[in-house]
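Hello,

Here is the structure I promised to pass on.

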Number of protein chains: 2
Amino acid sequence: MAKVHNFSAGPGILPPDVLKQAAEACINFDNMNLSLLEISHRSKNYVKVMDEARALIKELFEVGDEYEVMYLGGGASTQFAMVPYNLLTDSGYAAYVNTGVWASKAIKEAKIVGNTKVIASSEDKNFTYIPKGYEVPKDADYLHVTSNNTIYGTQMKSFPKCDIPLVCDMSSDLFSRKVNAKDFSLIYAGAQKNIGPAGSTMVMVKKDILGKTGRKMLSMLDYQVHIKGESMYNTPPVFPVYVTMLTLRWLKANGGIAWVEQLNQQKADLLYGEIDRNSQFVGTVVKEDRSNMNVCFLLNSPEKGAEFDKLWKEAGIDGIVGHRDVGGYRASIYNAMPLESVQALVDVMKAFEQKFA
Amino acid sequence: MAKVHNFSAGPGILPPDVLKQAAEACINFDNMNLSLLEISHRSKNYVKVMDEARALIKELFEVGDEYEVMYLGGGASTQFAMVPYNLLTDSGYAAYVNTGVWASKAIKEAKIVGNTKVIASSEDKNFTYIPKGYEVPKDADYLHVTSNNTIYGTQMKSFPKCDIPLVCDMSSDLFSRKVNAKDFSLIYAGAQKNIGPAGSTMVMVKKDILGKTGRKMLSMLDYQVHIKGESMYNTPPVFPVYVTMLTLRWLKANGGIAWVEQLNQQKADLLYGEIDRNSQFVGTVVKEDRSNMNVCFLLNSPEKGAEFDKLWKEAGIDGIVGHRDVGGYRASIYNAMPLESVQALVDVMKAFEQKFA
């Protein structure tokens, strides 16, 4: 079959070799002659997987034992609730930066837990830029930001300086570039963009920020319970964590974040370069805030949509229809996306210009 | 490689054909030439999977549109919290039957949410029986029971008559036997015993019991939010739900619950028959409450353990070491376990008796 260029916004593209190993583990995991889907998560063969999956996060982030790593079910949406539930005190307040739908959902959950202030927002221009120049309050319990906004294609190129714990939803650009992880007290990410399949959410937290609310917590929402259980307080999402571990291993083996950041920059430069050069297309966000993960663009003549759509479909391109809030096109170019797939899209854009300009 | 007889207590054995299809989907799902692990959960190909997975539950339970089905992340442990969070009013109380560690964990979470009474318990005899003859209060918000107790090997053979909503944790015997689903207002089950891999929990709820607490709820803990989102309020555990759908399809194609109940009875009769006949072994629970899913037994002479362990390991048997709370052995004989594997264990027990009696 012809190659499919998978630009899906998430769950997104994973490395072919990871998929091959995942398929093998469904039949015979770790030479046990049993499927990974039907063995105990307490078996030494699986505990080893969980340990490696947790250790790789700390290794890639270059942090020490002041941080703990968990893989939890329930998606990043559950983290929208767990963050305030674990960090927001009854007498204090949480500070949020609103950069889109996902940030707004996080804010909504925080408001259910306690006092919450939105200290900066780009809602005035449909989230087409990243707010800057705001002051981070010194008395808030924490500041929550979203590093990359999948729907709009914006990305924080730098993070606010903070005297309070900085919490970041990195769901859509985790390990796509170098960040100074030690500037963050809590980082979470639904795995299904850059580091694995759906069903598992990575949470890395600095232990010293926990246990301060005095709140009596439901066990499954309590980070300290999961930390104590070494991310196996209950049965974890076994297979999703395994595939995440394989993807992190793949990243490390290929050169780690330095390698992938350079590759991602190359892909983004190629695609944004074409958007800016091509007379038929226009980008949707402020240039300095353009995401290197999700590239959003519009046709200058939307009535030519059917012609463009025909061309990219013929080229084996999949998943570039924009989110309904933005319209147009969105090409998600996560870590596992090869340069050749981006080139295939650029070639289609050039061909479209030649035929329909 | 020699066949492994997989008696794991959970995650447990799945049908070989399901595992084969799961492996294929990791490479090429639904002829999309893409892996199931890297496509959008909103794609028509996957929405179809979720729809079928939800519909099969209602079909196998023979219930109508007064019930809704969800597949959620976070395991049955999250349901321990969600049940009281959605059903327990501030002025009311919840009634629980305590039949072991998992029931106790459910009780612990309910107590965090509100008033909770344990109306019956078998803790006095280390949960080796199912409490009977208790009266179900008419004024409680709901009654919570655990249908099968994996650790101890006990199973409720009938369920209490109830004028209040009956909630049941069926994690370890869902669809292993016929139950009258209409007697229940809420049934939940971590998939990883009888219906799929870890990472997804099935919840079936009668809509009319919801929305009565007046509690302002965190979205991910609110059943009504998930129902409104057709079990896709957020990205679901895509792959675990797919494998669950395949397992339910397998069950239906083979003759449904009538078929599997008869097979499960045959397996249980064979194994319990040998435990009772064999001079070297003794069962651990009251006979009338013996589980048809988890068969717990001890050696009459524990000092012969090394000899017995050697024999079953040589026979390719895996996963029969008992839980630390009970000791001895536990053979989990879930739906996908073939009769021949139970026969293999019985043969080992007979051989052990002949050699070491």
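**A helix pair in chain B**

In this predicted model, helix α7 (residues 256-277) of chain B packs against helix α9 (residues 339-356) of chain B at an angle of about 0 degrees, and their axes are 10 Å apart. Helices here are DSSP runs of H or I with at least four residues, strands are E runs of at least two, and both are numbered from the N terminus. Axes are lines fitted to C-alpha atoms over the stretch in contact, with angles from 0 to 180 degrees between N-to-C directions. α7(B) and α9(B) are therefore roughly parallel (angles under 35 degrees). On the α7(B) side the contact (C-beta atoms, placed from the backbone, within 7 Å) includes B:Leu263 and B:Leu270, and on the α9(B) side B:Val342 and B:Met349 are among the residues involved.

**The core and chain A**

The largest nonpolar core holds 216 residues, of which A:Met202, A:Tyr242, B:Met202 and B:Tyr242 touch the most other members. Such a core joins buried Ala, Val, Leu, Ile, Met, Phe, Trp, Tyr and Cys residues through C-beta atoms within 7 Å; buried means 20 or more other C-beta atoms within 10 Å of a residue's own. Beyond four places in sequence, the contacts of B:Met202 include B:Ile57, B:Tyr71 and B:Tyr188.

Chain A has 9 helices and 14 strands, and 53% of its 357 residues count as buried. Its C-alpha atoms fill a box of roughly 65 × 55 × 30 Å along the principal axes.

**Conventions**

Residues are numbered from 1 along each chain as its sequence is written, and chains are lettered from A in the order in which they are written. Local features need pLDDT of at least 70 and side-chain atom pairs 80 or more, while totals for chains, interfaces and linings use all residues.

Best wishes

Technical notes
Buried ≥ 20, exposed ≤ 12 C-beta atoms within 10 Å, placed from the backbone. Contact = placed C-beta atoms within 7 Å. Parallel < 35°, antiparallel > 145°, perpendicular 65-115°, else oblique.
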